[in-house]
There are 2 protein chains.
Amino acid sequence: MIKKGQLAWEYLENYRRQALPLLDEFFHTQKEEAKKVGKLPVESLNYFHDLCRRGKFIRGTFITLGYRLGGGTEKKKILLPSLAIEFFHTAILIHDDIMDEDNLRRGIKTAHTYFADYARKTKIPRPEHFGLSQAITLADTGFYLSWQLLLESSFPPYLKLKAGQELAKYISRLTYGQMLDITNETSLTTNLPEPAAAGETLKRILKIFRYKTAEYTGSLPLILGYILAGGEEKIEALYNYGLAFGWIFQIVDDLLGIFGQQEKLGKPLGSDLVQAKKTILVYYLLESGRQDLLNQLRELLGKETITPVDLEKAKQLFQDSAAYAKAQQLSQTYLQKGLEIIPQLSSHPTDQDLLKSFLYLVLEREK
Amino acid sequence: MIKKGQLAWEYLENYRRQALPLLDEFFHTQKEEAKKVGKLPVESLNYFHDLCRRGKFIRGTFITLGYRLGGGTEKKKILLPSLAIEFFHTAILIHDDIMDEDNLRRGIKTAHTYFADYARKTKIPRPEHFGLSQAITLADTGFYLSWQLLLESSFPPYLKLKAGQELAKYISRLTYGQMLDITNETSLTTNLPEPAAAGETLKRILKIFRYKTAEYTGSLPLILGYILAGGEEKIEALYNYGLAFGWIFQIVDDLLGIFGQQEKLGKPLGSDLVQAKKTILVYYLLESGRQDLLNQLRELLGKETITPVDLEKAKQLFQDSAAYAKAQQLSQTYLQKGLEIIPQLSSHPTDQDLLKSFLYLVLEREK
């Protein structure tokens with residue numbers, strides 16, 4: 001049986017196959033630059049290179065998809081600037097992992113953990129602080145390498161500029177969303193909101209999802225590619241399609257964080273519970289008003305480690321409260337919204353199929 | 001008696017007077033944007049706005065100076081993009097202060113300290129971690145607002161693009177320098193190098209100074225302004241003049257960190273000792289080979305707090321070892337280098353006077 005996300009998956013794989021050699025080449029040049037400064041910068045780029053390669057490349061793929069929808073035909077030319085969003089994404093994850101105190105990312109150590117271990121091995125004092133400092137700085141490197149990729153690509157200056165303006169605007173807004181997310185996490189353990197405030201909470205959660213994930217995962221890369229192709233009139237529709245995609249992405253992310261498979265997730269299952277994150281699952285459990293289940297949830301949130309038994313308990317809680325089902329339902333709502341927008345984006349059946357397939361792909365991400 | 005830096009000082013003050021209203025206006029617009037996301041982003045921008053305003057504005061001034069040297073005449077138009085470097089600078093200082101664990105910056109609390117206190121006041125759990133997370137994110141905001149300022153300014157796309165490419169390249173390199181600096185600090189307390197390795201160490205210190213401070217304080221802003229004016233042929237000379245300026249800037253910074261005045265410094269005196277930074281003073285004390293003084297220095301490096309008595313002791317050590325005199329001598333060497341380049345930059349006596357005056361200004365920074 002061919003899955004509905006198959007077409008998008010092939011498109012993504014094709015992108016990755018073409019983009020990776022360019023990514024490797026860019027890093028090669030950068031490492032030569034870094035070598036002039038010192039060994040540690042090269043070491044740091046080696047880590048960043050590895051982390052970058054391990055990404056899903058959805059955002060980069062979306063830049064090429066947006067380019068295609070804008071009528072762009074130079075498939076090779078769009079590859080290099082498309083990597084800008086992958087670099088940015090990898091960099092912001094490094095900062096994110098510091099805030100979330102995660103140890104695992106994309107199947108390898110998070111940057112601050114990696115460099116703390118590096119310090120231990122090379123007898124640098126205060127390894128934790130060294131790891132933190134290195135990770136903060138390496139992400140900053142990633143931001144500016146991302147700009148290099150975009151601005152040095154071979155597109156007309158006014159198009160690169162327009163794309164750059166969008167990028168700067170979206171990412172500033174993303175950081176505002178990130179700030180909300182920080183308060184959200186840190187305030188949940190002690191302040192589990194009352195079910196009465198649930199409606200307000202859903203709005204708040206979806207707002208965080210929008211600014212922190214959906215816009216820059218879905219809308220932004222599509223729009224960047226579209227702009228680089230010289231497109232103008234479909235930006236709003238692209239924004240809305242991308243937003244629907246991004247919302248599904250985040251909802252599925254929350255589901256996978258509990259119901260997914262460790263080896264495919266690339267980060268520890270249940271880490272959302274450790275960080276007491278206000279995920280969509282937690283929200284729907286709150287909304288259920290089931291005091292007994294709520295109390296059991298409270299016991300799990302903010303624990304230092306989540307055992308397999310804890311994880312099973314959490315799954316049970318989210319199933320019993322219908323939180324799991326409701327979250328899936330919400331993703332279906334966004335699927336419908338996304339599907340409805342597609343005719344505005346293209347009248348070509350193959351493009352439409354591809355756009356549909358991407359919505360299914362993100363929905364079907366492996367559990 | 002008119003100081004030799006007087007002319008530059010007036011130029012700087014004039015810049016600040018004209019730029020501040022634009023800075024305020026930009027923040028006003030941004031806060032409206034941030035308000036749509038939430039209260040905390042606005043709160044964060046309020047802090048960033050304040051911190052930004054308290055800067056010395058040397059880098060922003062240098063953009064207008066570079067613009068002038070490139071023949072640019074639209075003095076109003078250059079103001080907005082010139083603030084891009086001030087935003088970047090303020091942002092990178094926020095990350096820097098996390099790494100240095102400083103509490104005071106430009107006379108107010110550092111970002112991570114400010115937000116940790118904010119968390120305590122508003123009963124957000126784990127205030128230190130909240131402060132860290134907020135500070136990391138706020139600096140990221142600053143980076144992207146900086147890009148907005150540059151890319152949205154009203155210069156021709158190809159010039160903004162060329163400036164943007166330079167900016168991205170220089171800042172990537174700056175982060176490599178920052179990485180070296182991190183190792184440098186963390187390795188000094190336990191590993192005070194032997195005097196034999198002193199020559200190697202000076203080269204290393206000057207390299208860190210170059211990438212971490214000199215290039216982006218002196219060369220980069222001059223070149224950015226020059227590019228925006230459409231200039232091309234003087235980039236190398238600007239680079240060299242800026243580098244000389246930047247080196248003096250960092251040497252004087254190291255001197256002021258010990259010999260300066262608390263209220264004018266905006267950060268605690270002696271904090272370089274607390275962080276065991278390999279400053280130029282420490283280097284020259286090492287180079288002196290005076291084992292007795294070295295041992296006394298070891299006692300001060302890495303102390304949790306530096307008392308006024310410690311500070312006096314440090315001053316004495318740096319004077320007795322001639323480190324203070326040698327550092328001043330080194331800054332004089334760079335002054336000469338800077339002065340020699342000036343004729344390549346302009347044949348106008350007023351421009352030449354201004355360029356001279358800036359070298360003296362940075363040398364005369366108040367102790």
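1. Confidence. This is a predicted model. Chain A has an average pLDDT of 92. In chain A, 94% of the residues score at least 70. For the complex, the predictor gives an ipTM of 0.94 and a pTM of 0.94.

2. How the chains are related.

3. The contact between the chains. Chain B brings 50 residues and chain A brings 50 residues. On the side of chain B that touches chain A, five elements each supply at least two residues: H1 (6-37), H2 (39-53), H4 (79-100), H6 (127-151) and H7 (157-188), every one a helix. H7(B) gives the most, with 21 residues. By class, this side of chain B has 25 nonpolar, 19 polar and six charged residues. The copies meet through the same surface, because 100% of the interface residues of chain B are also interface residues in chain A.

4. The nonpolar core. The largest nonpolar core has 228 residues. Which of them touch the most other members? They are A:Ile248, A:Leu281, B:Ile248 and B:Leu281. Take B:Leu281 as the example. Leaving aside residues up to four places away in sequence, B:Leu281 touches B:Asp254, B:Leu255, B:Ile258, B:Phe318, B:Ala323, B:Tyr324 and B:Ala327.

5. Helix H6 of chain A. This helix covers residues 127-151, 25 residues in total. From its first C-alpha to its last, H6(A) reaches 36 Å, close to the 36 Å expected at 1.5 Å a residue. Of its 25 residues, 22 are buried, so H6(A) is largely enclosed by the rest of the structure.

6. A buried aspartate. A:Asp96 sits in helix H4 (residues 79-100) of chain A. Is A:Asp96 buried or exposed? It is buried, because 20 other C-beta atoms lie within 10 Å, and 20 or more is the cut-off for that class. The C-alpha atoms of A:Asp96 and A:Ile136 are separated by 10.0 Å. Along the chain, these two residues are 40 residues apart.

7. Helix H3 of chain B. H3(B) spans residues 58-69 and has 12 residues. Its reach from first C-alpha to last is 16 Å, close to the 16 Å expected at 1.5 Å a residue. H3(B) is mostly covered, with 12 of its 12 residues buried. Among them are B:Arg59 and B:Arg68, as well as B:Phe62 and B:Tyr67. Just after H3(B), B:Gly71 takes a positive phi of about 90°.

8. Most residues other than glycine have a negative phi. Two residues of chain A deserve a look here. A:Phe57 has a phi near 65°. Its place is the loop between helix H2 (39-53) and helix H3 (58-69) of chain A. A:Phe57 counts as buried because it has 23 C-beta neighbours inside 10 Å. A:Ala276 has a positive phi of about 50°, although it is not a glycine. A:Ala276 lies in the loop between helix H11 (271-274) and helix H12 (280-288) of chain A. With 24 other C-beta atoms within 10 Å, A:Ala276 is buried.

Note on methods
Residues are numbered from 1 along each chain as its sequence is written. Chains are lettered from A and ligands numbered from 1 in the order in which they are written. This is a predicted model: local features need pLDDT of at least 70, side-chain atom pairs count only at pLDDT 80 or more; totals for chains, interfaces and linings use all residues. Two residues are in contact if their C-beta atoms, placed from the backbone, lie within 7 Å. Helices (H or I, at least four residues) and strands (E, at least two) are DSSP runs, numbered from the N terminus. Ala, Val, Leu, Ile, Met, Phe, Trp, Tyr, Cys and Pro count as nonpolar, Asp, Glu, Lys and Arg as charged, and the others, Gly among them, as polar. A nonpolar core is a set of buried Ala, Val, Leu, Ile, Met, Phe, Trp, Tyr and Cys residues joined through C-beta atoms within 7 Å. The expected span of a helix is 1.5 Å times one less than its number of residues. pLDDT is the predictor's confidence in each residue, from 0 to 100.
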